[in-house]
Protein chains: 2
Amino acid sequence: MDISVLQKTRYEYKPKLPAGIAGDINAIKIEIGKPTESISDHKALKEVFKHTYGKPLAVFSKGNGSHSGEYKVGVILSGGQAPGGHNVIAGLYDGLKKGNPGSKLYGFLGGPSGLIDNKTVLFTGEIIDAYRNTGGFDIIGSGRTKIETPEQFEASLETTKKLGLDAVVIIGGDDSNTNAALLAEYFMEKGSKVQVIGCPKTIDGDLKNEHIETSFGFDTACKTYSELIGNIARDANSAKKYWHFIKLMGRAASHIALECALQTQPNVCLISEEVEKKQMSLSQIVESICVSICKRAENKDNFGVILIPEGLVEFIPEIKKLIQEINDVVAKHTEEFSNLSSYIDQQYWLSRVISHESYNVLLTLPPEFARGLLADRDPHGNVQVSLIETEKLLMQLVEKRLNKLKDEGVYKGKFSSLGHFFGYEGRCAFPSNFDADYCYSLGFNAFLLIASGLTGYLSSIKNLTAPASEWIAGGVPLTMMMNMEQRHGLKKPVIKKALVDLEGRPFKTFDLKRDIWAVKTCFLYPGSIQYFGPPEVCDIPSKTIALEHNKVI
Amino acid sequence: MDISVLQKTRYEYKPKLPAGIAGDINAIKIEIGKPTESISDHKALKEVFKHTYGKPLAVFSKGNGSHSGEYKVGVILSGGQAPGGHNVIAGLYDGLKKGNPGSKLYGFLGGPSGLIDNKTVLFTGEIIDAYRNTGGFDIIGSGRTKIETPEQFEASLETTKKLGLDAVVIIGGDDSNTNAALLAEYFMEKGSKVQVIGCPKTIDGDLKNEHIETSFGFDTACKTYSELIGNIARDANSAKKYWHFIKLMGRAASHIALECALQTQPNVCLISEEVEKKQMSLSQIVESICVSICKRAENKDNFGVILIPEGLVEFIPEIKKLIQEINDVVAKHTEEFSNLSSYIDQQYWLSRVISHESYNVLLTLPPEFARGLLADRDPHGNVQVSLIETEKLLMQLVEKRLNKLKDEGVYKGKFSSLGHFFGYEGRCAFPSNFDADYCYSLGFNAFLLIASGLTGYLSSIKNLTAPASEWIAGGVPLTMMMNMEQRHGLKKPVIKKALVDLEGRPFKTFDLKRDIWAVKTCFLYPGSIQYFGPPEVCDIPSKTIALEHNKVI
């Protein structure tokens with residue numbers, strides 16, 4: 001297999017482990033806390049999780065403990081790629097083998113469907129070594145199948161029996177870890193001893209709480225996007241002729257946009273959570289962008305950078321309502337809708353089934369954008385926000401507004417714009433040293449949770465702004481992070497998504513500076529992720545987590 | 001000024017110089033060769049360059065020489081950004097100051113117009129230090145103004161008189177260096193002693209020949225694009241559900257696409273020069289892509305990566321003809337055309353003024369693409385190829401063709417595609433160590449050419465695949481790289497653009513492997529540019545130049 005020079009060199013990198021779980025595998029003790037409660041909906045969640053609700057927190061540290069049992073474990077990569085997934089598997093593998101060379105690790109192929117259909121690979125040291133400290137999920141592939149139906153749960157149990165598994169580790173985001181909790185409960189309900197452990201993955205950064213400081217992949221993805229934003233900002237500041245509208249991946253939460261803004265200091269960064277809280281209309285958003293453009297034009301700075309979170313449109317009240325209405329009527333009349341072959345037909349059909357108000361909103365949108373709202377839907381029947389070219393919508397509307405301001409004599413600048421979308425560029429980057437260390441620790445720690453006989457836990461590594469040796473490893477019961485939410489008309493147990501906290505330090509820090517950034521050119525150029533340089537260049541965690549831990553950035 | 005951690009650390013980097021021009025500034029000797037000839041059109045070029053035609057090659061090496069005169073020099077950044085521009089200026093500044101601390105360096109603001117309008121900044125050590133080893137052209141900005149009219153030439157001469165300049169250094173591509181040659185000639189013609197030296201800049205990599213091994217910026221830009229392509233390829237190989245169509249900057253030549261292909265091993269990489277040579281029609285190109293998709297579908301690999309050079313459409317015979325006809329009629333009837341407000345009007349107008357054949361080609365194109373051909377034109381009245389979404393055109397046409405192949409039972413896969421365009425992401429990246437060293441050497445060497453009394457030369461650093469200490473510094477007379485070409489109906493002297501040589505080793509190497517890449521998954525993941533790691537990761541020049549120098553890659 002041909003490999004790049006960097007890949008070859010990265011194989012040699014030795015991820016750092018927290019001191020509490022490094023060294024002699026039988027010199028690690030577990031401390032168990034008091035029973036826990038879910039965020040809310042205690043009663044309903046106790047009903048759903050009869051056997052696994054309310055377990056205690058667990059923390060590992062130096063001490064006496066035995067982790068040398070022989071285990072068979074299966075691991076799943078679930079959902080969208082995030083840098084560091086391979087290291088979670090490597091850490092888990094190394095932990096298992098360190099405990100007992102007879103232990104075995106299976107990888108389920110292509111995501112959760114690998115568990116349902118019993119499609120596996122048995123990992124060898126050779127396989128693992130070829131993926132250490134690399135990006136991607138290609139070691140076993142990933143998938144978005146949810147284990148939902150009774151048949152799927154049963155098939156999953158069957159697979160664990162056939163393979164003689166002791167545990168399943170699910171590497172995934174909030175949805176996949178909700179699934180992990182349900183699977184843990186199901187196995188106990190059925191008298192199976194198979195344990196289920198989750199690992200917090202998602203570049204979106206929205207799987208975090210008091211006990212999970214960040215999800216893996218967020219650091220690397222944001223650093224990759226910030227590299228590109230910085231490069232574009234420097235280009236803008238050199239050519240002095242374009243406004244760059246840059247859309248960034250991240251459907252529900254705007255953590256990525258906010259982190260990238262802190263790293264690059266663009267002129268404008270929209271935050272979906274703020275748009276929702278202030279109930280900003282599309283025209284108010286356009287206006288807020290035009291304010292920066294007009295002020296900069298007065299200084300002859302007819303260029304700039306604007307960051308837009310991918311999910312923005314779903315947070316703009318009138319568009320959110322429109323999307324919701326479309327989703328609802330399409331869900332109800334799926335076949336009828338799918339028989340409409342042209343946009344004109346779809347539009348006419350909608351005019352009869354959605355509210356007058358929403359239909360008017362649809363008509364005010366540029367046609368190519370309106371088409372996007374009706375285009376291909378995801379497996380859950382929802383609008384695929386990643387396919388909506390929000391950046392182009394804003395470019396068009398801003399230009400239209402500026403032309404009006406020019407007619408009124410308010411705006412005297414020149415406006416040329418370019419659109420970009422960054423998502424796939426960052427999900428499979430070589431993990432930063434931070435993510436490489438964090439993921440390896442998460443995987444190694446998942447083994448310790450298994451060896452400690454726990455199930456329904458999320459692998460947890462805390463104190464992440466300190467050097468890795470000072471990190472604290474442990475386990476958080478999945479039910480502790482859950483509440484009940486409406487899904488397709490039913491109340492379902494789910495791990496609560498962490499949206500951007502408008503009272504939190506990351507947003508407050510941004511808020512304090514953005515008025516200056518809007519007018520002056522304060523761009524920062526972070527450059528590409530470095531793996532070999534001085535620690536202050538290579539090992540620094542995200543600005544979001546630093547600020548959340550009251551560090552100075 | 002806030003700066004990033006990497007920027008701060010990069011300030012400390014000491015660019016390497018060729019041994020021949022390092023050390024004692026007065027221990028460098030110049031060797032002058034025999035008179036040279038232009039590539040062709042000797043007589044016509046001798047007419048244009050009465051005073052500067054046919055000068056000898058110059059080479060620097062250790063020996064006796066005096067370079068401690070006091071000079072006043074002005075420097076211009078011309079055209080599109082390329083990583084390393086700041087280092088050319090830093091090298092020039094350091095050379096001047098090393099020769100004589102009394103020497104002065106002015107920067108012309110905003111490109112060549114800074115020379116015409118006498119807009120300058122006088123560099124200080126503090127200014128220079130803030131830009132060492134950084135990307136961008138923001139130290140003085142860049143511009144695309146050409147010095148063309150007699151008034152502009154005269155104004156340029158006036159500026160040099162007002163500032164008391166001894167020399168002007170123009171950092172630019174083939175066009176800008178053609179301008180440098182004309183300016184050198186003009187100054188001599190007018191009895192001015194002001195020397196003009198060029199430096200070879202362009203990420204496109206098309207300013208090269210026997211004496212110029214590569215233009216600066218190509219290395220860094222290609223490495224940045226390859227980082228992103230590799231990340232996307234790994235994502236494709238993990239999710240296994242998308243074909244990524246990636247368009248890469250580079251208008252005339254496909255060097256960038258070819259280099260990125262050698263670095264990442266995509267399934268398909270189109271090379272404009274091959275398309276032109278084989279006179280491939282659009283449908284043949286689509287077919288060549290479908291061959292890979294169909295074969296991979298047989299292996300259940302319904303994913304892949306396709307690289308597309310930005311300028312492709314101009315090399316497809318029927319589209320080239322169409323664009324040429326549109327350019328011609330629009331140039332002839334600029335006002336009439338600009339009064340056509342809608343695409344329908346434009347289309348109708350075209351139906352009467354272009355050939356029947358070309359009009360039919362226009363009709364077969366998807367409307368949004370056809371619109372692109374008629375959209376905003378550059379200052380020279382040409383179609384702006386960077387605004388044409390070639391990647392989307394191909395995505396649409398490939399999908400259409402695959403649907404047909406599916407109906408015929410030939411294709412049984414699933415096809416989902418995503419489009420990307422990378423250009424602005426790489427032009428202002430922090431220069432790789434290679435570009436940082438190369439640019440610094442080019443600038444330092446430009447000073448030596450000035451101190452040696454030369455004019456009409458391009459700064460030249462050769463032997464670039466060896467360690468920097470073994471590089472060879474010298475000067476190449478600009479007229480040596482020129483021929484006469486048709487421009488707007490007139491024969492003009494121009495530096496010949498280097499297109500991809502279909503008989504050269506870079507293309508041949510690609511050609512030898514591409515059939516395997518088309519079917520199997522052979523992706524390489526180069527990762528992000530490293531500045532601090534082992535030399536084999538940090539200091540390696542491009543695969544193109546390595547192959548051109550008969551190195552093994």
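Superposing chain A on chain B takes a rotation of 180° with 0.0 Å of shift along its axis, and the RMSD is 0.0 Å. That is the relation of a two-fold axis. The two copies also meet through the same surface, since 100% of the contact residues of chain A recur in chain B. Please keep in mind as you explore that this is a predicted model.

**One chain as a whole**

Let's look at chain A, which holds 21 helices and 15 strands. Its radius of gyration is 24 Å, close to the 24 Å that the globule rule gives for 553 residues, so chain A is as compact as a globular protein of that length. Here are some overall values for chain A.

| Property of chain A | Value |
|---|---|
| C-alpha span along the principal axes | about 75 × 60 × 50 Å |
| Buried share of the 553 residues | 63% |
| Accessible surface | about 20900 Å² |
| Part of that surface on carbon and sulfur atoms | 52% |

Among contacts between residues at least 6 apart in the sequence of chain A, 78% join residues at least 24 apart.

**A closer look at one helix**

Now turn to chain B and its helix α17, residues 390-407. With 18 residues, α17(B) reaches 26 Å from its first C-alpha to its last, close to the 26 Å expected at 1.5 Å a residue. Which residues of α17(B) are buried? Among them are Thr390(B), Glu391(B), Leu394(B), Val398(B), Leu402(B) and Leu405(B). The buried residues of α17(B) pack against the strands β8 (243-248), β10 (304-309) and β11 (417-422), and against the helices α11 (282-298) and α16 (367-374), of chain B. After α17(B) comes Gly409(B), with a positive phi near 80°.

How values were computed:
Residues are numbered from 1 along each chain as its sequence is written. Chains are lettered from A and ligands numbered from 1 in the order in which they are written. This is a predicted model: local features need pLDDT of at least 70, side-chain atom pairs count only at pLDDT 80 or more; totals for chains, interfaces and linings use all residues. Side-chain values use heavy atoms; hydrogens and water are left out. Helices (H or I, at least four residues) and strands (E, at least two) are DSSP runs, numbered from the N terminus. The expected span of a helix is 1.5 Å times one less than its number of residues. Buried means under 20% relative accessible area, exposed over 50%, partly exposed in between (1.4 Å probe, protein chains only). Contact means heavy atoms within 4.5 Å. Copies are superposed by least squares on the C-alpha atoms of residues with pLDDT of at least 70 in both. The radius of gyration is taken over C-alpha atoms; the globule rule is 2.2 Å times the number of residues to the power 0.38. Accessible areas come from the Shrake-Rupley method with a 1.4 Å probe; for residues, only the protein chains shown count as cover.
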